[in-house]
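Colleague: I would like a quick walk through this fold. Can we take it piece by piece?

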Amino acid sequence: MSAPGRGRRDGKSVPAPNIFLGSRCNYDCLFCSGALLDKTQPPEVLRDIIASCPDTLSIEGGEPTLCRDLDIWVRRAHRQGIRDIILCTNGARFCDEAYVRKLCDCGVTLFNVNFPAHEEKLFSILTRTSGQFQKRVAALRTLIAVAGGKRVRLNMVVNRLNFLVIPQYVRFVKERFPEVFYIEFNLVKVLGRVERRPYLVPRLQDAAPVLVRALRYMTRARMKFIIDGFPLCALDGYEHAAIDAAKRYFHDDLYLDEKAKTRKCAGCSLGGLCAGPRKDYVSLHGDLELAPSRKDPGPIIAKLQAMASKP
Ligand code: SF4
């Protein structure tokens, strides 16, 4: 979940391209970074944000599918010609085929679905629900059938309870949802409820090698992925998959202020592509794990350019 309010792009201050349709949620995820904040925006603010949105709008909550007017706001954004309309959701309502069809018809271009685990017990622990896992799997199948896999991104918030099973998770996705466009891996933020649950925040040195192992499999299996919250020095061989690298290279500094380099970053050859670790991570675990790189950034930049040139 991204920060509300004003953001900065291309050196200019612009409204952050996120709208928040209420703070209610039908889940109670352990790792929720937004749960203590009510970011609900009044209609005039929603209209202003949509009107000033250049090409991408992210629709968030709470759980935005609980908002009765969701379709109205999506339609408004679509009418305005916003190219990418991203719905950030837990996907619980997508067992309703007609509802998914309505959202597609209104103009949602990407469903960003929080899917934190690939097996029942861990899913229940992380979402603090009971008996929901199979329903969520069925809802995802309905979403893919109606919207098409190209409109679906799965989002795994990487935390101490699920990082060890990332390789099994990606195999599950490959087998059960091979059509899914890509998976986003987000290191859990020390915000919201996680501020009271710091045990959920794994060390980079523990989680990153497991993630990299899973990325190797995904590369062989031609699965797509993107990563946020892991600094480049934690992603050996996959630096190009860090959202920050693309943002830095293409001069988009939106939300990069959540991260900062530390003194350990001095002299790192990847400094031009890296925004540094998350500030909240360093406050909790310090920066001793950062490893200034001597790699040539050229090959990473070439991969970023190749990725950007693909449709
Ligand atoms: S040492 Fe610092 S600048 Fe270099 S990759 Fe790591 S976090 Fe980024």
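**Helix packing, sheet and loops**

Modeller: Helix 3 and helix 5 (residues 133–147) pack with their axes 9 Å apart, at an angle of about 45°. Helices here are DSSP runs (H or I, at least four residues), strands are E runs of at least two, and both are numbered from the N terminus. Axes are lines fitted to C-alpha atoms, for helices over the stretch in contact, and angles run from 0 to 180 degrees between N-to-C directions. This is a predicted model, where local features need pLDDT of at least 70, side-chain atom pairs count only at pLDDT 80 or more, and totals for chains, interfaces and linings use all residues. Residues are numbered from 1 along each chain as its sequence is written, and side-chain values use heavy atoms, with hydrogens and water left out.

Colleague: What is helix 3 to helix 5, roughly parallel or oblique?

Modeller: Angles under 35 degrees count as roughly parallel, over 145 as roughly antiparallel, 65 to 115 as roughly perpendicular, and the rest as oblique. The angle here is about 45°. That makes helix 3 to helix 5 oblique.

Colleague: Which residues of helix 5 make the contact with helix 3?

Modeller: Contact means heavy atoms within 4.5 Å. Helix 3 brings Glu 97, Val 100, Arg 101 and Cys 104. From helix 5 come Thr 142, Leu 143, Val 146 and Ala 147.

Colleague: How many residues in the contact of helix 2 with helix 3 are nonpolar?

Modeller: The axes of helix 2 (residues 70–79) and helix 3 (residues 97–106) come within 8 Å and cross at roughly 25°. Leu 70, Asp 71, Val 74, Arg 75 and His 78 of helix 2 meet Tyr 99, Lys 102, Leu 103 and Cys 106 of helix 3. Ala, Val, Leu, Ile, Met, Phe, Trp, Tyr, Cys and Pro count as nonpolar, Asp, Glu, Lys and Arg as charged, and the others, Gly among them, as polar. By class, 3 are charged, 1 is polar and the nonpolar count is 5.

Colleague: In what order do the strands of the open sheet run?

Modeller: Two strands pair if DSSP finds at least two bridges between them. The open sheet has 7 strands with parallel pairing, in the order 3-4-5-6-7-8-9.

Colleague: Why is one side of strand 3 and of strand 9 left without a neighbour?

Modeller: Strand 3 (18–20) and strand 9 (225–228) stand at the edges of the sheet.

Colleague: Which residue is the bridge partner of Leu 154 in strand 8?

Modeller: Strand 7 (residues 152–158) and strand 8 (residues 182–187) pair in the parallel sense over 6 bridges. In strand 8, Leu 154 has as its partner Ile 183.

Colleague: Which helix packs on the sheet, touching strand 7 and strand 8?

Modeller: Its residues are 166–176. Its direction makes about 165° with that of strand 7. The name is helix 6.

Colleague: Where does Gly 62 lie?

Modeller: The peptide bond from Gly 61 to Gly 62 is cis, with omega near 15°. Gly 62 lies in the loop between strand 4 (56–60) and helix 2.

Colleague: What is phi of Arg 222?

Modeller: Arg 222 sits in the loop between helix 7 and strand 9. Its phi is positive, in a residue other than glycine, and is near 60°.
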